Amino acid sequence: MLCPVCGNKTRVKIRIDTELKNFPLYCPKCRQETLINVKQLNISVIKEPDAQTQSR
């Protein structure tokens, strides 16, 4: 499986019948973790909203 950020190989293998939901994909090259969903080899990246600081 390729990293959605940098495009390099990760250590995860998926098959045609693999289904993942909210899977944290880690890339050893760019050292980023990305949440993904996989269903029938279709990979979709989950965008998380950035944390906002609370103002008083």
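Which residues of strand E2 (residues 33-39) lie on the covered face, and which on the uncovered one? The legends below take this up. The model is predicted; local features need pLDDT of at least 70, side-chain atom pairs count only at pLDDT 80 or more, and totals for chains, interfaces and linings use all residues. Residues are numbered from 1 along each chain as its sequence is written, and side-chain values use heavy atoms, with hydrogens and water left out.

**View 1. The two faces of strand E2.** Thr34, Ile36 and Val38 form the covered face of E2. Glu33, Leu35, Asn37 and Lys39 form the uncovered one. In a regular strand, side chains alternate between the two faces of the sheet. Strands (E, at least two residues) are DSSP runs, numbered from the N terminus.

View 2. Strand E1 (residues 19-26) runs antiparallel to E2, joined by six bridges. Strands pair if DSSP finds at least two bridges between them. Leu20 has Val38 in E2 as its bridge partner. Six residues lie between the strands, and Arg31 in the turn has a positive phi of about 55°.

**View 3. The hairpin of E2 and E3.** E2 pairs with strand E3 (residues 42-45) in the antiparallel sense, over four bridges. Asn37 stands opposite Ser44 in E3. Two residues separate the strands in this hairpin, where Gln40 takes a positive phi near 50°.

**View 4. Cysteines without a disulfide.** The structure holds zero disulfides (pairs of cysteine sulfur atoms within 2.5 Å). The sulfur of Cys6 is 3.6 Å from its closest cysteine sulfur, in Cys27, too far for a bond. Cys27 is in no disulfide either; its nearest cysteine sulfur, that of Cys30, is 3.5 Å away.

Technical notes:
Buried < 20%, exposed > 50% of the residue type's maximum accessible area, 1.4 Å probe, protein only.
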